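Dear colleague,

I am handing over the structure below, followed by an account of what was found in it. Please read the notes alongside the coordinates.

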Amino acid sequence: MERLFVTKVWGFDPEEWPIMGFGNKGAQNKLLGEVSPGDWLVLVGTKGPETAEEDQGRLLGRIQVARNQVDTEELLKTVDYP
């Protein structure tokens with residue numbers, strides 16, 4: 001059975017930045033210890049100044065958890081930055 005986890009973020013634009021980062025290794029390990037493949041991360045904008053005013057406190061997106069490794073350096077080379 002899939003589960004939902006909510007996390008706050010400063011922004012979410014998968015076309016411009018298609019990876020999710022963590023503030024520190026402990027946060028990453030905590031999340032990875034709790035989630036299972038098929039679970040969902042629901043992303044909500046923080047209410048702080050780091051988040052665009054129009055995104056503060058709003059649902060910004062969702063990511064389904066998977067356990068496959070991704071070469072983020074190669075992935076980011078495919079992104080067409082403005």
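From the N terminus on, the elements of the chain follow the order β-α-β-β-α, which amounts to 2 helices and 3 strands; helices (H or I, at least four residues) and strands (E, at least two) are DSSP runs, numbered from the N terminus. This is a predicted model, in which local features need pLDDT of at least 70 and side-chain atom pairs count only at pLDDT 80 or more, while totals for chains, interfaces and linings use all residues. Residues are numbered from 1 along each chain as its sequence is written, and side-chain values use heavy atoms, with hydrogens and water left out.

As to confidence, the chain has a mean pLDDT (the predictor's confidence in each residue, from 0 to 100) of 89, with 98% of its residues at 70 or more.

Strand β1 (residues 4-9) runs parallel to strand β2 (residues 40-45), and 6 bridges join the two; strands count as paired if DSSP finds at least two bridges between them. Within this pairing Leu4 stands opposite Trp40 of β2. Together with helix α1 (residues 25-34), β1 and β2 make a right-handed β-α-β unit, right-handed meaning that, with the strands pointing away from the viewer, the path from the first strand over the helix to the second runs clockwise.

Trp40 also has the charged end of Arg62 over its ring, 4.2 Å from the ring centre, where the criterion is NZ of Lys or CZ of Arg within 6 Å of the ring centre and within 35 degrees of the ring normal.

Best regards
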